[in-house]
Amino acid sequence: MHTRTFGDLSILLPDLDPRDLDAVTEQSDDLQEADVDGVRWTRARLDEVRWQSSRLIGVDLGESVWDGGRVFGCELDRVDLSGAELSGLTVERCRLSGCKLTGARLSGVTLKDVLFEGCRFDYASLRLVVATGAVAFVDCVLTNATLTSCRLPNAAVRSCKLMGAELDGCHLRGADLRGNDLSGLKAGLSNLAGVTLAPDQLPGLADLAVTELGVTVERQ
């Protein structure tokens, strides 16, 4: 295991050695120390997943359906999860890099020590997603994504594209949102209570306040 640090947030991540992994091509709910490279598991049905200490590279899991289970100590690199449905899943000590979750639907997913780096969440729906430990979104695309009743306290969201993203009933207290353009974000101010911003983000916050309060701004 090794750590990545973003501001005051440290994330414990896996450090897998490919020499310790076994090549796997068959779809399975149970992956243990597996190396899965370039396979197509499109529209897979995964129930009570038990994935641990495994690496997936370039795997196509588009429109897959996940129902419960746990993904622990795994690395997902350029995995396609477009249109996937993930519900009741726990993800812990995992790194997702360059993964595509366009139009994915996440419901009741629990995250702990998870890094999303260079991932696409455009048009994705995240509902009741809860962070029970360190979580970071870095260089991700969340354009037109919808986050509803998510609890992501102390998360790090850095250099992400948020145009058209909508927050509804979310708890982000302690989250670090520095380095993001807030213009085009759709969120009531209560969703941003207690977050950390940089001075150059205050105009974007003011725009949100004007929209929420219905203030009319006119020249004298």
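Mentor: Start with contacts. This is a predicted model. Leaving aside neighbours within four places in sequence, E92 is in contact with R70, V71, F72, G73, K112, D113 and V114.

Trainee: Where is E92 placed?

Mentor: E92 belongs to strand β10, residues 85–97.

Trainee: Is E92 buried or exposed?

Mentor: Buried means under 20% relative accessible area. E92 has 13%, so E92 counts as buried.

Trainee: Now a loop residue. Is G179 buried or exposed?

Mentor: The cut-off for exposed is over 50%. G179 is exposed because its relative accessible area is 52%. G179 sits in the loop between β18 (166–168) and β19.

Trainee: Which residues does G179 touch?

Mentor: Not counting residues up to four places away in sequence, G179 touches S159, C160 and Q201. G179 and A198 are 19 residues apart along the chain, and their C-alpha atoms are separated by 7.4 Å.

Trainee: How do I read a helix? Which residues of α1 are buried?

Mentor: Take the span, then the faces. Helix α1, residues 202–213, has 12 residues and reaches 16 Å from its first C-alpha to its last, close to the 16 Å expected. G204, L208 and A209 are buried in α1. Seen down the axis, the buried residues of α1 fall within an arc of 145°, so they line one face of the helix.

Trainee: What do those buried residues pack against?

Mentor: They pack against β19 (186–187). The face of α1 turned away from the buried side carries exposed P203 and L213.

Trainee: What follows α1?

Mentor: G214 does, with a positive phi near 65°.

Note on methods:
Residues numbered from 1 in each chain as written. Predicted model: local features only at pLDDT ≥ 70, side-chain atom pairs only at ≥ 80, totals over all residues. Heavy atoms only, no water. Helix = DSSP H or I, 4+ residues; strand = E, 2+ residues; numbered from the N terminus. Expected span 1.5 Å × (residues − 1). Buried < 20%, exposed > 50% of the residue type's maximum accessible area, 1.4 Å probe, protein only. Arc of directions from axis to C-beta. Contact = heavy atoms within 4.5 Å.
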